[in-house]
Amino acid sequence: MTGPSDVQHDEQPLDPAAALAIIEGERRSATRSAIRQVPVYYYVWGGAWLVGYLVLWASWRESGAPVHIPGVVAVPVFAALIIAGVVVSMVVGIRSNRGMRGQSSFVGMVYGWSWTILGVGAAAIGMALIRNGMPPELAALYFPSAYALVLAALYLAGAMLWGSIDQLVIAVVVAIAGSVSPFFGAPANYLAMALIAGGALLAGGVVASIRMRRLA
């Protein structure tokens with residue numbers, strides 16, 4: 001049974017320190033919910049690019065790779081890694097968008113579909129260039145750089161939307177890798193993309209994971 005003294009006790013104002021702790025806890029929880037999917041994106045795409053581009057690089061006999069991988073194996077492996085990255089990104093994006101309403105839901109939906117729209121667009125341009133006479137050597141330069149710029153643009157958007165410094169840094173690194181690697185020629189551009197862009201994404205995953213633990 002609740003007595004008058006209990007009611008008086010319940011109506012006492014919160015201690016300022018306790019109120020601040022509650023506000024800080026809610027802020028950390030909201031931040032964690034907003035960025036919980038970020039490390040997954042970094043690990044998935046970092047792994048796909050690191051392994052995929054190394055496999056493609058090793059498929060060229062003049063690459064100097066310690067192990068030669070036939071093209072009939074390397075290309076399907078690379079394609080499978082990219083498709084897996086797209087599928088995982090879409091699933092994680094849809095799951096992370098559950099429970100959101102209003103503007104946040106709209107932003108998440110547009111950002112998630114942007115990966116598919118821009119990815120298909122970059123592929124369509126490449127196929128059109130091949131159909132109009134672009135040789136395989138130039139196609140080997142076009143596709144990695146085109147997708148690097150797509151990824152960099154989306155990470156720049158993510159940095160702007162969520163104030164993410166690590167997405168901004170990775171976007172700049174990947175944009176530089178995509179812009180500079182064609183100057184190395186094929187297949188050296190594959191090695192550059194694997195080590196620079198793939199490495200930056202995996203490093204971003206480690207940084208994002210550490211930040212998530214601090215928010216726990």
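The buried residues of helix 7 are Asp166, Gln167, Ile170, Ala171, Val174, Ala177 and Gly178, where buried means under 20% relative accessible area with a 1.4 Å probe and protein chains only. These residues lie on the same side of helix 7, because they cover an arc of only 130° around the axis, taken from the directions from the helix axis to the C-beta atoms. The model is predicted: local features need pLDDT of at least 70, side-chain atom pairs count only at pLDDT 80 or more, and totals for chains, interfaces and linings use all residues. Residues are numbered from 1 along each chain as its sequence is written, and side-chain values use heavy atoms, with hydrogens and water left out.

**Helix 7**

**Phenylalanine 184**
- Phenylalanine 184 is located in the loop between helix 7 and helix 8 (188–215).
- Its relative accessibility of 48% makes phenylalanine 184 partly exposed, the class between buried and exposed, the latter being over 50%.

**Serine 59**
- The loop between helix 3 (38–58) and helix 4 (71–97) contains serine 59.
- Serine 59 is buried, with a relative accessible area of 17%.
- A polar atom of the serine 59 side chain lies 2.5 Å from the backbone oxygen of leucine 56.

Terms used:
Helix = DSSP H or I, 4+ residues; strand = E, 2+ residues; numbered from the N terminus. Polar contact = N/O pair within 3.5 Å; in protein donor to acceptor, adjacent residues only side chain to side chain.
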